[in-house]
Amino acid sequence: KMQTIDESELVDGYSAAEIFSNSECQGITFDDLIVLPDSIDFGVGEVELNTKVTRNYSLNYPLCSTPMDTVTESEMAICMALNGGIGFIHSNCTEEDQIAMVEKVKSYENGFIMQPAVLSPYDNVRDLDILRNAKKISGVPVTIDGKMGSKLVGLISNRDTDFLADKSRTIAELMTPIDKLVTGLYPLSIEEANKILKESKKGYLPLIDIDGNLKALTTRTDLKKQQAFPNSSKDSNGKLLVGAAVRAGFRDEMDLDRVIRLYEAGCNIIVLDAQNGDCDKQIRFIRAIKEACPVDVIAGNVVTVSQAKLLLEAGADGLRVGMGAGSIATSQLVKAVGRAQLSSIYACARVARKYGVPVIADGGIKNTGCIIKALSIGASCVMMGAFLAGVDESPGEYFFQNGIRLKHYRANNSAAAIADLNRAMRNASLVSSDKEQRGGNFSPGSPSKSKLMYDPASPNRRTRSGSLDLQQSRAVPVTSGVSGSVVDKGPLNRYFPYICQSIRHGLQDMGTKSLSLVWERLFNGQLRFELRSPSAQREGGIHDLHSFSQILYA
């Protein structure tokens, strides 16, 4: 006679709450944990990976590139946003360089160009050529007085002036007049604007108000880019999302002026870059930023519930979680302070969830399995350094060592990175000082100008060169990271889809169709886990082969 099986006997493994509250005082990280499978009744193509990176910004994929000078500059940030993630531009450079990188990302795919270059009907072709060369554009709206916001009277493009020898002819003689243009009535959504461009087969779509005044412009070139990258991360104006880091540790100046200028350049999210974000200065900095400009702020880094709560109550829109878990980090070795990464993520995600704030797992990502585990434990996004450092779009040149193609990769607080930053700041200071002595103008973001610092009376002040003044601080800087190299990973446009498809397969095997469902099952105890013994960890990897080769993607 067949015995009846009680439903309780069909429950395997343990909930996350049981795992992390009964781990015998041990921190748990990626190799220690495995997610148990569940039944599948849907295809892998049905798995949705959309998520939030901050309180106000969403992504189609939960992937971010970290703000390090060997990982994220404008090229990486552009490619990450095009593929549906986001890149955070590093601050190991001058203010002007960082702003220029943000502007490059925001201008790559224009969406709605809210401040397009314009000409008047009385300008000539020579003026047009100068504007084209300076702005790298081909079509220019023409307003009655040559000012943005004035009455639109026409548009002039390359086709109107190709092969024209007489550069003195006026724009009015050559432009396409307003009555022959296709225009959109402002305000208009980017989807509606693209529909008009498709149907009209025109290259440009000026947006005008009911009085005929020019309000914005969009182009066919951007429409083509959207077809190639349909999942790209964009803001409400159709421009690519981008974030930027500012230093915000206990020993750093709180540079509010830099934050404001980054926001004015189009930066959507500010990352407060600190190994330990639990300090009074960062809390005051968050509040100062919120008063100064409406930009989202990711605070951190934190690893405990109490740390997370302090920054959340200060107004943080996102939490960056991790301390000493990165492949090039030495915080735990040098300072004996930090926490195992999965323990950090789960602890911070529990409290952040109550505030409706996303958690970004930062550090320790060795493979796509680590990404899936971080997400299954409560992270909304995963920030990657070494995992992305070898792609074509990361800064730096490839080099060969023992027949292997490599790229340099280093920590922001490594000796080499600190030396390069000091050198860049010193050079910028010399240039600005020279301009002042000559009576010329100098950049408002240059080191020679008095900064709008939130805490100018900091005991650990920096000199104009950007280096720490040891006599004032009476402290010797301690590096907490190393320099190394990573293997070539090829173009991000091939690597990114592989990462996303791996995550989809992971969620499918868990029996969940979306990240929101993963987190629902995580916190109600339905998602089950087990801790792995050292033998189980060896068994879960590649083993018992004489040799093998691994190809991540075709």
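This is a predicted model: local features need pLDDT of at least 70, side-chain atom pairs count only at pLDDT 80 or more; totals for chains, interfaces and linings use all residues.

Of its 554 residues, 51% count as buried, and the secondary structure comes to 20 helices and 21 strands. Among the contacts with a separation of 6 or more, 69% are made by residues 24 or more positions apart.

Across the whole structure, five aromatic pairs are found. One of them joins Y61 and F496 in an edge-to-face arrangement, as the table shows. Because Y61 lies in the loop between β3 (58-59) and β4 (63-65) while F496 belongs to helix α18 (residues 492-510), this pair ties together parts that are 435 residues apart in sequence. Y61 counts as buried at 11% relative accessibility, and F496 also counts as buried, at 3%.

A stacked pair is formed by Y495 and Y498, which, being three residues apart in helix α18, are separated by about one helical turn. Y495 is buried, with a relative accessible area of 1%, and Y498 counts as buried at 19%.

| Pair | Arrangement | Centre to centre | Angle between planes |
|---|---|---|---|
| Y61 and F496 | edge-to-face | 5.9 Å | 75° |
| Y495 and Y498 | stacked | 6.2 Å | 20° |

Elsewhere, F20, Y346 and F523 form one aromatic cluster. The ring of Y398 has the charged end of R405 sitting over it, 3.7 Å from the ring centre, and K407 lies over the face of Y398 at 4.7 Å from the ring centre.

Methods. Residues are numbered from 1 along each chain as its sequence is written. Side-chain values use heavy atoms; hydrogens and water are left out. Helices (H or I, at least four residues) and strands (E, at least two) are DSSP runs, numbered from the N terminus. Buried means under 20% relative accessible area, exposed over 50%, partly exposed in between (1.4 Å probe, protein chains only). Contact means heavy atoms within 4.5 Å. Rings of Phe, Tyr and Trp (its six-membered ring) pair if their centres lie within 6.5 Å; planes under 30 degrees apart count as stacked, over 60 as edge-to-face and the rest as tilted. A charge sits over a ring if NZ of Lys or CZ of Arg is within 6 Å of the ring centre and within 35 degrees of the ring normal.
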